[in-house]
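Morning, everyone. I will go through one structure today, starting with a pocket. Please have a look at it first.

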Amino acid sequence: MDTPAATTRGQEEPTPQVWVELADGQSVTAEFLARIQQRSGEWWCELRLTVWAELHLQDGKVVPEPCEVVFKAPARLVTPIDGTDYSAVPTRRPGPPTRDRLAAEFTGRWSLQRLPTAVGHKPRRVLHYENCWLGDQEPSLSLDDARRALFEGAESCEGCGAERLNELRHPPGTVPVRHA
């Protein structure tokens, strides 16, 4: 099954489709971007699903617009579609351990969302990874910028994996101390 969207992105070959079971039990077709083997040996699949999003026009009108969401799912929840060729799908295996595990995991960009607060209260900022649907800014921060934002008091989003950076503030196994 070919996807016209794949060819308009400039890819040489259309991205093959697979069935994927979502968290609520329903199955949908998604584009199969990569096979990923974890250090544990478990296999995951990187997938792309096109969903609807709101597009706010200058005149105040809101229209539907396709929006691509890239996500990973355990391979056990992904089913090939009969007759589909998956030979061009890349396979990624873990490399040698790196000194900075987070830098190896988060190779993309970050964004910092400013949330409204009451007058006189400290501003709230939330850090989002590039594929987070909750972020409201174009991702432009590097991992070092994201680390700096956390050190300076930004909150990390729990919806996109940014909370994993919290171990920069509090190493695993430690309990943060709250001062009154």
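By class, the lining of the second largest pocket has 7 nonpolar, 5 polar and 4 charged residues. Here Ala, Val, Leu, Ile, Met, Phe, Trp, Tyr, Cys and Pro count as nonpolar, Asp, Glu, Lys and Arg as charged, and the others, Gly among them, as polar. This is a predicted model: local features need pLDDT of at least 70, side-chain atom pairs count only at pLDDT 80 or more, and totals for chains, interfaces and linings use all residues. Residues are numbered from 1 along each chain as its sequence is written, and side-chain values use heavy atoms, with hydrogens and water left out.

A pocket, on a 1 Å grid over the protein atoms alone, is an open set of points where a 1.4 Å probe fits, with protein on both sides within 12 Å along at least five of seven lines; lining residues have an atom within 4 Å of a point. The volume of this second largest pocket is about 420 Å³, taken as the space filled by probe spheres set on the points, which are joined across faces, edges and corners.

Which residues lie nearest its centre? They are Cys67, Glu130, Asn131, Cys132 and Trp133, out of 16 in the lining. Strand S4 (62-74) gives the largest share of that lining, 4 residues. Strands are DSSP runs of E, at least two residues, and helices are runs of H or I, at least four, numbered from the N terminus.

S8 also supplies at least two lining residues, and S8 takes us to the sheet. The sheet is open, with 3 strands in the order S7-S8-S9 and mixed pairing; two strands pair if DSSP finds at least two bridges between them. At the edges are S7 (110-115) and S9 (155-156), each pairing on one side only. Between S7 and S8 (residues 124-129) there are 6 bridges, in the antiparallel sense. Glutamine 113 is opposite valine 126 in S8.

Now the packing. A nonpolar core is a set of buried Ala, Val, Leu, Ile, Met, Phe, Trp, Tyr and Cys residues joined through side-chain atoms within 4.5 Å, where buried means under 20% relative accessible area with a 1.4 Å probe, protein chains only. The largest such core has 16 residues, and Phe106, Trp110, Leu127, Cys157, Cys160 and Leu165 have the most contacts inside it. S7, S8 and helix H3 (143-151) each supply at least two of its residues, and H3 gives the most, with 4. Another core, of 12 residues, lies apart from it, and includes Val18, Ala30, Ala73 and Val89.

How values were computed: Buried < 20%, exposed > 50% of the residue type's maximum accessible area, 1.4 Å probe, protein only.
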